[in-house]
Amino acid sequence: MADYDLIVLGSGAAGLTAALTAADFGASVLVVEKGQKIGGTSAWSGGQIWIPCNPHMREFGKEDSRDRALTYLESMSNGLIDPAMAEAYVDTGPEMVAFMEERTPVQFSVVPDFPDYHAEQPGAASRGGRTLECPVYPYGGLGEWADKVEVSPYYWPHVYFTVGETSLAQAVPDPLDPAEAQRRAENDERGLGHSLVGRLLKGCLDRNVAFLLETAGHRLMQDESAAITGVVLEDGREISAGNVVLATGGFEHDEAFKKAFLRGPLETAVSIRTNTGDGQKMAMKAGAMLGNMSEAWWMPVVEAPLNDMGMMLFTGERTLPGTIMVNREGKRFCNEAANYNAFGSAFHEIDQQTCSYRNLPAWCVFNQAFYEKWGFLDAQLVGVADGERKEPADWIERAGSLQGLARKLGVDAENLAATVKRWNAMVEGGRDTDFGRGDSYYDTYWGDPEKKGSRAATLGKLEGGPYYAVEVKPGALGTKGGAQTDASGRVIGVGGEPIPGLYAAGNAMASMMGMTYGGGGGTLGPGMVFGYLAGKHAVTHNREAGSAVETAA
């Protein structure tokens with residue numbers, strides 16, 4: 001007799017969803033987590049999920065349809081999105097949300113008016129509705145497990161953000177009312193990824209899901225027919241199970257895999273460091289077919305001494321009026337306000353003459369007036385108030401003139417001066433005719449919140465020194481390639497048939513999103529949907545198979 005009905009490797013949102021779903025259907029489940037704590041990168045994240053046709057859209061007067069959602073995904077596919085997988089995602093997303101809300105502590109609400117990331121594409125929810133997030137969650141309900149959840153180095157889950165009131169979709173977050181912040185701190189109420197993971201964890205604990213922390217999977221056990229029979233752990237222990245879900249995350253912290261598979265540079269990753277491709281390696285050894293291995297959830301990153309990771313996601317500042325991005329030639333090379341995944345492709349352009357990446361290194365340039373109004377990563381992190389920002393931290397490059405800044409950056413001074421002059425002229429004219437910054441509604445949703453919806457939200461002159469610059473590096477939230485699956489989450493072998501008992505979800509799975517990113521929560525949404533499908537199929541399919549065997553006997 002097997003030790004468990006299901007073993008889930010990894011405890012991010014995808015893995016916890018698979019475990020919770022299977023346990024709710026009556027399975028005995030073990031979650032094996034490589035790290036010291038629960039949640040993985042999901043706990044570090046904003047905690048949003050992107051679910052077309054979700055049941056909360058109409059509450060905000062938003063309409064959606066299956067055809068619209070599929071049209072949107074197909075319009076960005078470039079042939080990399082399998083229609084069957086897209087259909088499974090769109091069809092199952094609302095079911096997953098309903099299951100969670102009816103039977104578990106996981107609850108959602110719509111992020112008001114947050115647009116899809118490619119708002120002008122056919123079928124896009126251009127004025128929002130598809131992105132969901134959880135209300136704050138009181139961690140006292142987790143008991144001793146409250147201290148066993150990963151804490152984000154990037155976001156403030158306790159105090160500075162509140163779901164629906166101050167969303168991560170806003171570039172410059174405002175602190176909560178002090179009294180409300182104090183109340184939440186006293187009650188240990190957490191938002192963002194902490195709310196999502198905490199709610200999923202509570203659902204698992206309520207269903208007696210077992211957890212094994214600080215333990216990595218090493219190899220999948222298989223019988224003579226290649227069916228899964230359990231997992232060999234890194235410490236040599238063998239645990240038997242008829243089904244295994246690979247939810248171990250991506251391979252962004254494995255240099256050999258990055259070099260072998262990715263289509264462009266990934267110099268740094270903002271994900272948890274345990275994401276070293278364990279699931280992909282186990283799947284390969286078990287005979288799985290891989291897919292989408294060249295892609296990642298691209299994210300521009302600034303390396304800065306502001307947290308234990310030594311880096312920050314670079315999302316808000318580059319969209320605000322008064323910043324531009326320049327490459328090694330001192331020239332602009334992108335729409336600075338584009339969504340972070342699309343932005344990553346700008347780093348992949350090859351200079352045909354030198355065979356090097358044309359836009360590396362790259363810098364974000366701003367000036368004193370910008371800093372005094374908006375601050376930068378350093379000021380926002382420590383909560384410096386408006387009017388108190390004097391000058392950036394020492395790790396930010398500076399000079400009194402553009403020429404002096406160009407010398408420090410090693411870029412052509414004439415090019416940089418001409419770039420700033422042209423930028424200011426385009427701002428004066430009301431449109432970025434070079435890269436279309438501000439043309440998309442998505443661009444104007446970010447930037448200056450007082451000018452949201454207009455190009456002025458992101459277009460602003462860069463006039464007068466001192467000038468500052470920060471190097472921006474090609475990074476990622478995680479990679480998005482792994483074992484190919486079918487619409488039930490079953491891993492497909494190299495021969496085209498499912499490997500019995502093996503499933504994958506999250507970033508250990510070949511993402512059904514291909515090279516694109518649908519909208520806010522476009523990573524966690526598919527992770528949870530296919531985690532739900534895998535957990536459900538692992539239980540219900542085996543029961544049906546068992547009934548058929550009994551009937552035949």
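Contact here means heavy atoms within 4.5 Å. Helices (H or I, at least four residues) and strands (E, at least two) are DSSP runs, numbered from the N terminus. The model is predicted, so local features need pLDDT of at least 70 and side-chain atom pairs pLDDT 80 or more, while totals for chains, interfaces and linings use all residues. Residues count from 1 along each chain as its sequence is written, and side-chain values use heavy atoms, with hydrogens and water left out.

Let's start with H12 (residues 402–409) and H13 (residues 413–429). On the H12 side, Leu-402, Gln-403 and Ala-406 meet Ala-413, Leu-416, Ala-417 and Val-420 of H13. Sorted by class, this contact has six nonpolar residues, one polar and no charged ones. (Nonpolar covers Ala, Val, Leu, Ile, Met, Phe, Trp, Tyr, Cys and Pro; charged covers Asp, Glu, Lys and Arg; the others, Gly among them, are polar.)

The axes of H12 and H13 come within 9 Å and cross at roughly 130°. That angle makes H12 oblique to H13. Oblique is what remains after under 35 degrees (roughly parallel), over 145 (roughly antiparallel) and 65 to 115 (roughly perpendicular). Axes are lines fitted to C-alpha atoms, for helices over the stretch in contact, with angles from 0 to 180 degrees between N-to-C directions.

**Aromatic pairs**

Now for the rings: a search of the whole structure turns up 25 aromatic pairs. Rings of Phe, Tyr and Trp (its six-membered ring) pair if their centres lie within 6.5 Å; planes under 30 degrees apart are stacked, over 60 edge-to-face, and the rest tilted. Here are two of the pairs:

| Pair | Ring centres | Planes | Type |
|---|---|---|---|
| Phe-99 and Tyr-532 | 5.3 Å apart | 55° | tilted |
| Tyr-117 and Tyr-442 | 5.2 Å apart | 70° | edge-to-face |

Phe-99 sits in helix H4 (residues 83–103) and Tyr-532 in helix H15 (residues 524–552), so this pair links parts of the chain 433 residues apart. Phe-99 and Tyr-532 are both buried, where buried means under 20% relative accessible area, exposed over 50% and partly exposed in between (1.4 Å probe, protein chains only).

Tyr-117 is in the loop between strand S4 (109–110) and strand S5 (131–133), and Tyr-442 is in helix H14 (residues 441–445), so their pair ties together parts 325 residues apart in sequence. Both of these tyrosines, Tyr-117 and Tyr-442, are buried too. They also belong to one aromatic cluster, whose members include Phe-114, Trp-297 and Tyr-340.

**Out on a loop**

Gln-353 lies in the loop between strand S17 (350–351) and strand S18 (356–357). With a relative accessible area of 73%, Gln-353 is exposed.
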